[in-house]
Amino acid sequence: MTEGVVERISTEELRGLFLFEQLGEAKLAAVQGIARVEEHAAGTALYTEGEPATCFYVLLEGELLLTRRVGSGEVEITRSSQRGAYCGATAAWVGERLPQVYMNSGRLTADGRLLVLDAADFAGLVRAWFPMGMHLLEGLVIGSRNTEERVSQRERLLALGQLSAGLTHELNNPAAAAVRATASLRERVAGMRHKLAMLADGHIAPAALMRIVDLQEATVERAAKAARLSPMELSDLEDEVGDHLEALGVMGPYDLAAVFAPAGLDVAWVDGVGDAVGPGLHEPALRWLAYTVETEQLMREIEDATERISTLLGAVRQYSQMDRAPYEDTDVVEGLESTLAMFAAKRGDGIRVVRDYAPDLPRVPAYTGELNQVWTNLIHNAVQAMEGRGTLTLRTRLDEAGGCVVVEVCDTGPGVPPELQRRIFEPFFTTKPVGEGTGLGLDISFRIVVQRHGGDLRVESVPGDTRFVVALPLQGARVS
């Protein structure tokens, strides 16, 4: 077969193509003047995705295959042997308002003939002959792109708002606890200063004072190791210690018991204090030790609260990836956990979380921040589907045969009907009520997983069991 330009197309053959069948003689002649017929052997690559779009192709004979890049491989978009099928610079008439690059790759899978028009010539004909249609189509194409951009931006803003609301709620609890504990700690320290002055006024022998200090250290150590009691056990111990203190004639016995019992300090300990300091100092020593125990408890509360705040801030940092490179080996479990932390308030108490993580799961080369957006969309959708009641299951596993890590986000909501499952990843398609969804969350997730990472995202759903399954390749399939 001779490659390249072989002939000009005849009027009869040109009129037989559905694209040109309605043109008059003058317009057919104009097409003939700028078009050429090329013959190519099977396997010939006509153009490559991402390159400048220079030609518009119409199939005359043979079979045409169009593909898109996905990760390190290609996905077949369409295969056609229909006479008149077209490809290439199909949006040339829009001009510079859209990037003029090939949106896919085209090649022949059988020996074929093609009608070829240079993109600039093709665009000139469309603008000259169909001005009204061109303006309508231009408005549709560019308007659709702009709408998608704006709605996508709104989707991100909504996600940011949900993140901010959840984070504010989560930070408020430990912050408030720290403030309350700090105020109480100030009161206890003031009381300890007062008691210290009383102990040091010279009425207590140095040896007795040293015994009290030793008791203080032993009490702090014992309280730190105290086992957590059930509410019933704690109540019983408070009553027992309070009754014993009352029998000893101690003022406010049950107030002291409420301090001693949570620290695991029982009747035997109370008697041990008396044996160590003597009857005259028993009550002052108990009150001094109560201040000590309370102070330790309050400092532990402040420590727990600040650690919780630090953990939340760490989760935010990991979630947003502010301090990491954009493409790296990623721990998907860490990403899932940080996303859960951000949406703890959104889940509420009615949704139980089940973690089924495979041990020793390898890291995945990925855009970590983008994957966190996927987890956000999938978890948020699952929570909304369950309407405050149900089980959210996060599962990970290694698919050695497929060379990928698989993540499943499962919920016990009503499910997605079979007729909607095939459309669920389409842009602007949503199953939520009007005003509650943009229809871009799953579309964005699909593009991140499939187009950016060369993976796969699918849904499996029956009532009570909906699973979004994400497969991420272990070999880097980075797409810029």
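## Surface patch

L19 is partly exposed, at a relative accessible area of 34%. In this predicted model, L19 sits in the loop that runs between α1 (11–15) and α2 (25–34). Together with F18 and Y86, L19 makes up a nonpolar surface patch of about 270 Å² of accessible area.

## Confidence

The mean pLDDT of the protein chain is 79, and 77% of the residues reach at least 70. Among the elements, strand β14 (residues 404–411) has the highest mean pLDDT, 95, while strand β1 (residues 4–7) has the lowest, 61.

Residues 433–439 stay under 50 in pLDDT, and the model gives them 11 contacts beyond four places in sequence. Where pLDDT is low, the predicted coordinates should not be read in detail.

## Salt bridges

The whole structure contains 20 salt bridges. One of them joins the side chains of R355 and E337, at 2.6 Å from N to O. This pair links distant parts of the chain: R355 belongs to strand β11 (residues 351–356) and E337 to helix α10 (residues 332–342), 18 residues apart. R355 is partly exposed at 44% relative accessibility, and E337 is partly exposed at 26%.

R397 pairs with E408, with the closest N and O atoms 3.7 Å apart. R397 lies in strand β13 (residues 390–399) and E408 in strand β14, 11 residues apart. R397 is partly exposed at 34%, whereas E408 is buried at 7%. E460 and R458 form a further salt bridge, at 3.2 Å between the closest N and O atoms. Through shared partners, salt bridges join D356, R395, R397, E408, D465 and R467 into one network.

## Cysteines

The disulfide count is 0. C55 is buried at 10% relative accessibility, and C410 is buried at 5%.

Note on methods
Residues are numbered from 1 along each chain as its sequence is written. This is a predicted model: local features need pLDDT of at least 70, side-chain atom pairs count only at pLDDT 80 or more; totals for chains, interfaces and linings use all residues. Side-chain values use heavy atoms; hydrogens and water are left out. Patches are made of residues with over 30% relative accessible area and no salt bridge: like charges are joined within 9 Å, nonpolar side chains (Val, Leu, Ile, Met, Phe, Trp, Tyr) within 5 Å. Accessible areas come from the Shrake-Rupley method with a 1.4 Å probe; for residues, only the protein chains shown count as cover. A salt bridge is a side-chain nitrogen of Lys or Arg within 4 Å of a carboxyl oxygen of Asp or Glu. Helices (H or I, at least four residues) and strands (E, at least two) are DSSP runs, numbered from the N terminus. Buried means under 20% relative accessible area, exposed over 50%, partly exposed in between (1.4 Å probe, protein chains only). A disulfide is a pair of cysteine sulfur atoms within 2.5 Å. pLDDT is the predictor's confidence in each residue, from 0 to 100. Contact means heavy atoms within 4.5 Å.
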